[in-house]
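Let's take a walk through this assembly, chain by chain and contact by contact. Have the sequence and the model side by side as you read.

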Amino acid sequence: MDILIVLQAGVATGTILLFATLGGIFSERSGVMNLGMEGMMLIGAMSAFSVATSTGNPWLGLLVAMLAAGLISQVHAFISITLQADQVVSGLSLGFLATGLALVLGEGLSKAGTVPLIPSYTVPLLSQIPIIGPVFFTNQKLLVYLGYIMVPLAWYYINRTRPGLHLRAVGEYPSAADSLGINVYRLRYFYVFVGGLFAGLAGATISLAISPGWFSELTTAGQGWIAIGLVIFAQWDPVRAAVGSYIFGALRRLVLDIQGPNVIFGLANPFYYNPYWGFFLEMLPYAFTIIVLVVGSREAIRKRLGAPTALGVPYIRGERGL
Amino acid sequence: MAESGLPRANWLDRLPYRVMLEPRLKPPSRFFSLMLSFGSVVVALLIGAIVLAIAGGDPWATYAHIVKASFGSVGVLSDTMVKAIPLMIVGLACTLAFRMKLWNIGAEGQFYAGAFGASAVVLAPMLPADAPGWLFIICMVAAGMLMGAAWGFVPGILKARFNVNEVISTLMMNYIAISWNNYWIYAVWTEGGFQMSKVFPKNAWLPRLADYAVEIPFFRGLTTHFGLVLAVIAAVVVWLILYRSQWGYEIRLVGDNPRAAEYAGISIARNTVLVMMLSGALAGLAGMSEITGVVHRLQGSISPGYGFTGIIVAWLAKLNPYAVIPVSILFGALILAGREIQPSGIPKMMNGVILVCLIASDFLLRYRVRLVRRGEEA
Amino acid sequence: MAQPVPSSETNTVVSMQGIVKRFPGVLANDHVNFYLQKGEIHALLGENGAGKSTLMNILAGLYKPDAGTIIVNGQPVNFSSPRDAIKAGIGMIHQHFMLVPSQTVTENILLGLDKPAFRLNLSHYDQEITALSERFGMKVDPRAKVWQLSVGEQQRVEILKMLYRGANILVMDEPTAVLAPSEVDDLFVTLRSMVAQGKSIIFISHKLHEVMQISDRVTVLQRGRSTAAGVAVSTVTKADLARLMVGREVIFTVNKTARQPGEVVLKVEDLWAENDKGLPALRGLNLTVRQGEIVGLAGVAGNGQRELADVITGLRKCSKGQVVVSGENIANSPVKKGIRKGVSHIPEDRTHVGSAPSLSVTDNVIMKKYNQAPISSGWMVNAIAARKYAADLKERYEIIVPTLETPVRLLSGGNLQRVILAREISSNPALMIAMQPTRGLDVGAIEGVHRLLMAQRDAGAAILLISEELEELIDLSDRVAVIYEGQILGEVSDGDVAAIGMMMTGSAPGAKEDQHG
């Protein structure tokens with residue numbers, strides 16, 4: 001088992017989580033928590049796969065996936081923003097709806113034939129850098145590179161631009177934004193939609209690039225939920241989201257790859273000789289998510305910051321304060 | 001003073017009528033709220049029909065089939081009940097936790113944990129195979145509930161101590177529970193290399209109606225089992241806890257306004273842990289009843305998503321423990337008949353559509369919608 | 001209704017005519033007329049709930065009127081959002097500041113503007129804002145985060161926000177409510193400087209003396225109708241205004257019987273605690289309250305009042321010190337222990353702390369009694385006893401509800417406060433912590449609350465009354481202690497307003513010793 005190859009694959013896997021986490025950050029920064037992430041990713045993965053196999057164009061699949069997930073996210077937006085329902089319940093119901101819809105529309109897709117994939121690319125020069133080169137810049141899918149670009153862009157957008165300023169205000173103190181003529185409802189709808197776009201992108205990244213195919217609910221295998229946990233760990237910051245996502249990606253790869261070789265670090269590999277221990281390895285990413293949540297939540301308490309103040313609170317005009 | 005908080009598009013201003021929303025000053029009647037739930041299910045079925053038609057199915061035939069395949073005869077009705085039993089108990093587990101606004105999405109995992117606990121009584125074994133049936137039942141109920149409670153305890157304590165979002169932690173515990181069960185059925189309790197344990201001895205089975213067919217011939221072939229009695233007892237207990245006990249008062253108070261609860265001297269942390277444990281224990285009981293009443297062995301995929309459907313059951317029942325029972329029967333029918341419906345994702349999608357419609361309809365419980373001609377507003 | 005419409009030559013910048021606004025169950029504005037002239041400070045006077053804020057929210061574009069016309073600078077307008085109002089030069093400074101705490105002063109001021117196009121070039125705008133603040137004599141650091149600022153500074157940011165948008169008409173909703181007396185003076189200087197530079201100001205208030213002091217003309221609202229429109233302040237007396245405001249002669253004082261205070265019930269010694277941000281809020285505070293006396297706690301908001309109430313009632317941990325109630329230290333004990341020792345608490349925030357909005361009136365009044373006989377029986381709550389208890393309180397405290405099963409979120413502010421008072425008083429408390437018990441209530445309700453508090457005092461309860469209304473404190477209290485930066489700076493027992501005002505701004509009476517150096 002070559003550690004560099006594990007890390008390289010980890011970065012690729014982590015890109016899925018990165019997109020989903022970024023989507024969560026945008027939506028939560030505007031004050032709307034969307035627990036339907038898993039379902040939206042499934043919609044994305046399904047429609048990407050379906051469109052790509054039927055048209056032969058993976059990029060078209062990617063685009064449709066993003067739009068489809070963005071569209072379905074508006075169900076949650078309508079229920080939680082306009083109808084002022086509890087965001088937890090509304091997000092969960094979106095999750096059920098989107099998952100069910102993906103399964104219905106994706107029926108029989110797994111036998112749909114070969115899917116055209118998003119191409120891979122090795123960056124000249126950069127790939128020559130020791131360690132970093134082979135891990136980040138060698139033979140990675142183009143979407144992985146898109147991830148590298150997205151992180152600083154997202155950070156810049158949130159912290160250093162006018163729309164970003166409005167986004168933060170709407171999530172922190174919607175009545176202040178409203179009093180200055182910012183349309184709180186419209187912005188929240190928009191960023192829930194952006195969250196959906198990213199979820200669709202994450203789903204398409206699975207089915208068109210990282211682990212191609214459509215395996216119904218197993219396609220995402222809980223990664224949408226892990227992403228929601230990562231949003232908290234990231235403290236709503238895109239840079240920390242990247243760190244968390246890549247670590248998680250590496251962990252997921254490690255869990256898969258560690259059972260392969262019979263000798264590891266010069267010792268007999270216990271996971272090779274006890275294949276059933278694999279079930280405990282399977283638990284690791286999920287257990288680790290819980291640990292990451294503990295770390296994130298403790299940090300939020302210690303630093304007395306963290307979640308956008310209005311996160312989870314429906315905005316009702318005419319009621320003062322938060 | 002709350003004005004209607006809805007964003008208004010400009011083109012709407014040009015219509016001759018406009019929709020006025022008024023916050024209700026009086027709580028709506030029970031009848032209205034019942035009709036509203038009923039109405040949203042009807043709307044959901046209509047939406048489902050549209051999707052079915054688009055996906056190439058015949059919606060009316062499908063719905064007719066569901067009714068026939070789940071209520072058409074005493075036999076299938078009994079099978080419907082079998083599917084409804086775990087839903088009832090899981091629905092109660094969710095009802096309890098949701099009353100405190102504790103979003104236990106981990107009933108699925110707690111269900112598996114309960115199934116594991118109950119199986120351990122037979123497979124470990126903790127009791128000799130020839131122990132009397134009543135002793136088996138008592139021990140399996142205890143073990144199942146204990147394991148479920150343990151599975152609920154982890155997210156509960158994390159929430160209480162570190163303010164860890166319980167939605168995610170309970171969900172993660174689901175995946176862990178399934179891997180945990182898999183380990184035991186693959187590695188330890190496997191029977192002849194198959195991914196399942198040996199069949200439990202007969203005295204570790206929950207009694208079924210069919211067992212009394214000798215005395216009452218009508219019961220011949222009916223699979224409804226003792227779990228139904230457990231579910232009804234659980235409903236009564238949950239109702240007593242929530243609406244008659246001091247603890248239930250605390251739960252409802254924390255659920256409605258945690259800061260007020262704190263102000264009244266109620267420990268939120270303690271209640272979080274306790275409610276998560278009891279909710280987990282109930283879900284564990286559901287797992288136990290399924291494993292000893294239906295499957296009779298430990299194996300994989302013992303639940304077609306009971307833990308998740310229970311969430312919808314609890315919501316449709318408006319968190320009323322008694323209403324959970326009839327609602328579960330409806331969803332039991334959907335699960336039973338759904339196995340034959342193509343595409344196979346339909347029941348799952350229908351669950352989602354129903355939940356979405358229900359939550360959307362809650363808006364009408366808080367606001368009155370009126371159509372007013374412009375200029376005649378008063 | 002037949003008021004003459006001033007012609008345009010009189011320099012009218014805003015004229016609102018026949019404004020009607022209905023909310024479910026309330027007629028908030030009933031054909032109200034209001035005219036603002038250029039370069040004046042125009043007071044809008046009325047008690048809580050008279051419809052002042054509603055009228056101004058209509059002018060600021062937050063609400064749409066059901067009827068009536070608004071003319072701004074000669075143009076009829078129909079605002080559909082605050083943005084429209086701001087474009088017309090109208091800026092509203094709300095009572096609760098509309099500032100995002102985690103953002104800087106500059107970011108808050110830029111919020112909602114069309115510039116910059118995309119990139120936030122903060123240092124450029126920081127300079128612009130410094131220049132603007134100097135022009136009107138308001139000092140504030142544009143780079144500071146809002147949560148780091150004092151209340152007075154936050155108010156300045158609010159004003160700057162509107163000036164930066166080119167507002168010529170400023171609506172100030174109860175701007176002095178949150179300020180210390182010296183800060184009020186600063187504010188008045190700023191207002192005069194703005195008027196001198198051609199701005200017009202609407203000053204919403206229910207404090208007569210301020211209206212007399214600062215404004216040129218006054219419009220009075222009473223229960224949604226205007227009882228005086230644009231009267232020159234120089235032509236009326238305080239008593240006239242009071243009558244126009246309330247509709248009857250106002251009794252300014254509460255009947256207070258002389259009473260010898262008894263034993264010490266509450267003794268707070270060297271109390272230290274932190275606020276929600278982790279900054280020190282109480283720094284070695286000492287205070288005693290005896291049986292049968294009301295001790296008023298005066299102070300500018302945010303000097304540790306909330307934290308003190310929280311620590312005494314057990315809702316907040318203290319880092320050091322003692323809270324002795326009837327001889328036992330209950331600092332850092334669970335809330336239950338305080339309740340058992342007879343501490344009752346009227347919280348500042350009625351809806352978010354004091355009540356469970358979706359639960360019934362019955363469930364709300366038994367909040368502190370559900371585990372005591374006769375309401376508890378064994379592990380159960382005795383529903384019959386609970387209902388009987390609630391019915392009894394409803395009768396005695398004149399709570400107006402359709403049924404006892406009504407969720408309290410459907411109650412009016414005054415009725416909700418009565419539910420809370422009923423619950424807290426009916427347990428015959430040894431010690432009562434009352435925080436802002438009359439905030440947001442109308443005059444009738446305020447009188448009721450005052451009577452209930454006095455009755456408790458006369459019955460022998462020790463009462464700590466925390467309020468930002470100086471008049472209320474002086475009327476009700478046997479002694480007034482002043483809190484400043486988490487310490488008691490001094491006590492006044494003769495109602496010396498000037499002395500209290502001095503201490504509220506941190507000047508200790510006589511030689512001030514620095515206890516936290």
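Two residues are in contact here if their C-beta atoms, placed from the backbone, lie within 7 Å. Keep in mind that this is a predicted model.

Next, look inside chain B. How do helix 3 and helix 7 of chain B cross, left-handed or right-handed? The crossing is left-handed. The axes of helix 3 (residues 74-99) and helix 7 (residues 227-244) of chain B come within 9 Å and cross at roughly 15°. An angle under 35 degrees counts as roughly parallel, so helix 3 of chain B is roughly parallel to helix 7 of chain B. From helix 3 of chain B, the residues that meet helix 7 of chain B include Met81(B), Ile85(B), Ile89(B) and Leu92(B). Helix 7 of chain B answers with residues including Leu228(B), Ala231(B), Ala234(B) and Val238(B). The residues of this helix 3 to helix 7 contact in chain B divide into 13 nonpolar, two polar and one charged.

Ile89(B) turns up again in the largest nonpolar core, which has 374 residues. Those with the most contacts inside this core are Ile89(B), Leu282(B), Leu59(C) and Leu465(C). Which element gives the core its largest share? That is helix 9 (residues 184-210) of chain A, with 16 residues. In soluble globular proteins, nonpolar side chains tend to be buried together. To see one of the core residues at work, zoom in on Leu465(C). Leaving aside its neighbours within four places in sequence, Leu465(C) is in contact with residues including Ile294(C), Val295(C), Leu297(C), Leu453(C) and Leu476(C).

Finish with some backbone details. The peptide bond from Ala124(B) to Pro125(B) is cis, with omega near -15°, and Pro125(B) sits in the loop between helix 4 (107-123) and helix 5 of chain B. Chain C has a cis peptide bond too, joining Ala373(C) and Pro374(C) with omega about 5°. You'll find Pro374(C) in the loop between helix 12 (361-365) and strand 17 (376-377) of chain C.

Then there's phi. Asn139(A), which is not a glycine, has a positive phi near 50°. Asn139(A) lies in the loop between helix 5 (132-137) and strand 2 (140-141) of chain A, and is partly exposed, with 13 other C-beta atoms within 10 Å. Lys318(B), not a glycine either, has a positive phi of about 55°. Its loop runs between helix 11 (306-316) and helix 12 (324-338) of chain B. Lys318(B) is partly exposed, with 18 other C-beta atoms within 10 Å.

Key: Residues numbered from 1 in each chain as written. Chains lettered and ligands numbered in written order. Predicted model: local features only at pLDDT ≥ 70, side-chain atom pairs only at ≥ 80, totals over all residues. Axes fitted to C-alpha atoms, helices over the stretch in contact; angles between N-to-C directions. Helix = DSSP H or I, 4+ residues; strand = E, 2+ residues; numbered from the N terminus. Parallel < 35°, antiparallel > 145°, perpendicular 65-115°, else oblique. Left-handed = near helix turned anticlockwise from the far one by under 90°. Nonpolar A, V, L, I, M, F, W, Y, C, P; charged D, E, K, R; others polar. Core = buried A, V, L, I, M, F, W, Y, C linked by C-beta atoms within 7 Å. Buried ≥ 20, exposed ≤ 12 C-beta atoms within 10 Å, placed from the backbone.
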